[in-house]
Amino acid sequence: MNELLAKKLLPLVNNPQTWEPLKEFLQDHHQLINRALVVEQSELEMRRLQGKAILLETLEKLPDVVTSSIQNAELERERK
């Protein structure tokens, strides 16, 4: 993630009033996707559900990604 985008997302992930409800929504939706995967028999639908699960996992890790992107950009600037 580039630094500019990370800085735009920082207020979202650093504010517990915004991030916690979003995180709860993502986790609930992830559980629904996992339940659907257990019973799904169509290979195409299983792949779609797997893609959704991967996206949800990525979004759940957003605070870590944002923080590390900003830190990496700062380290790069210090090295120059």
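## Where helices H1 and H4 meet

Glu3, Ala6, Lys7, Leu9, Leu10, Leu12 and Val13 in H1 are in contact with Leu62, Pro63, Val66, Ser69, Ile70, Ala73 and Arg77 in H4. The model is a predicted one.

The axes of H1, which covers residues 3-14, and H4, which covers residues 62-79, come within 9 Å and cross at roughly 135°, and that angle makes H1 oblique to H4. The crossing in which H1 passes H4 is left-handed.

## Charged residues at the contact

Side chains of opposite charge can pair when their charged atoms come close. In H1, Glu3 forms a salt bridge with Lys7, with the closest N and O atoms 3.2 Å apart, and these two residues lie four residues apart in the helix, about one turn. Lys7 counts as partly exposed because its relative accessibility is 44%. Glu3 and Lys7 are also linked with Arg77 in a network of salt bridges, and Arg77 is one of the H4 residues that meet H1.

## Salt bridges within helix H3

The whole structure holds five salt bridges, and one of them joins the side chains of Glu43 and Arg47 at 2.9 Å, N to O. Both residues lie in helix H3, residues 43-60, four residues apart, or about one turn of the helix. Glu43 is exposed at 53% relative accessibility, and Arg47 is exposed with a relative accessible area of 53%.

Arg48 forms a salt bridge with Glu45, the closest N and O atoms being 3.6 Å apart. Because Arg48 and Glu45 are three residues apart in helix H3, about one helical turn separates them. Arg48 is partly exposed at 47%, and Glu45 is partly exposed at 25% relative accessibility.

Notes: Residues numbered from 1 in each chain as written. Predicted model: local features only at pLDDT ≥ 70, side-chain atom pairs only at ≥ 80, totals over all residues. Heavy atoms only, no water. Axes fitted to C-alpha atoms, helices over the stretch in contact; angles between N-to-C directions. Parallel < 35°, antiparallel > 145°, perpendicular 65-115°, else oblique. Left-handed = near helix turned anticlockwise from the far one by under 90°. Contact = heavy atoms within 4.5 Å. Salt bridge = Lys/Arg side-chain N within 4 Å of Asp/Glu carboxyl O. Buried < 20%, exposed > 50% of the residue type's maximum accessible area, 1.4 Å probe, protein only.
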